[in-house]
Amino acid sequence: MVANTGPAVFEQFGVLHYCKIDISNYVARTASIAFSNLFISLFLTLGDMGSLPAMIKADPCFRAGIYMYGGKPVNNYVSNHFNLLSNNLDIYLSAF
């Protein structure tokens with residue numbers, strides 16, 4: 001069980017946030033539509049780029065979300081949390 005560290009509803013930057021871990025279980029249809037709307041644009045962009053390495057190179061926001069590449073950790077924060085050595089993502093992308 002995850003400890004509740006804050007309120008489930010709060011406002012930040014003029015946006016009302018509702019934070020519950022299992023909310024998608026209660027509104028499955030709405031969650032499915034939201035995930036579809038999120039991922040369809042991502043997949044279309046990936047298709048336009050032609051490959052995952054090309055998208056990682058071209059989109060800094062997408063690159064910031066890469067934690068593992070080729071089975072190796074490439075994000076310092078996550079690597080440190082699990083006491084793993086982090087690798088430089090640029091090394092893996094230099095071949096493409």
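N75 is buried, at a relative accessible area of 16% (buried is under 20%, exposed over 50%, partly exposed in between, with a 1.4 Å probe and protein chains only). It sits in the loop between β4 (72–73) and α5; helices (H or I, at least four residues) and strands (E, at least two) are DSSP runs, numbered from the N terminus. This is a predicted model, where local features need pLDDT of at least 70, side-chain atom pairs count only at pLDDT 80 or more, and totals for chains, interfaces and linings use all residues. Residues are numbered from 1 along each chain as its sequence is written, and side-chain values use heavy atoms, with hydrogens and water left out.

**Around N75**
- The N75 side chain reaches the backbone nitrogen of Y77 at 3.0 Å.
- Skipping neighbours within four places in sequence, N75 is in contact with A64, I66, Y67 and S86 (contact means heavy atoms within 4.5 Å).

**The nonpolar core**
- I66 turns up again here: the largest nonpolar core has 6 residues, namely I56, I66, Y69, V74, L89 and L93.
- Such a core is a set of buried Ala, Val, Leu, Ile, Met, Phe, Trp, Tyr and Cys residues joined through side-chain atoms within 4.5 Å.
- L89 touches I56, R63, I66, Y69 and V74, again leaving aside neighbours within four places in sequence.

- Strands β1 (residues 9–12) and β2 (residues 15–18) run antiparallel, joined by 4 bridges; two strands pair if DSSP finds at least two bridges between them.
- F10 has H17 in β2 as its bridge partner.
- The two strands make a hairpin with 2 residues between them.

**Positive phi without glycine**
- Most residues other than glycine have a negative phi.
- F13, in the loop between β1 and β2, has a positive phi near 55 degrees.
- F13 is also exposed, with a relative accessible area of 76%.
- N83 has a positive phi of about 55 degrees too, and isn't a glycine either.
- You'll find N83 in the loop between α5 (76–81) and α6 (89–93), exposed at 72% relative accessible area.

**Cysteines**
- How many disulfides does the structure hold? There are 0, a disulfide being a pair of cysteine sulfur atoms within 2.5 Å.
- C19 is partly exposed, with a relative accessible area of 41%.
- C61 counts as exposed, at 65% relative accessibility.

Terms used
Polar contact = N/O pair within 3.5 Å; in protein donor to acceptor, adjacent residues only side chain to side chain.
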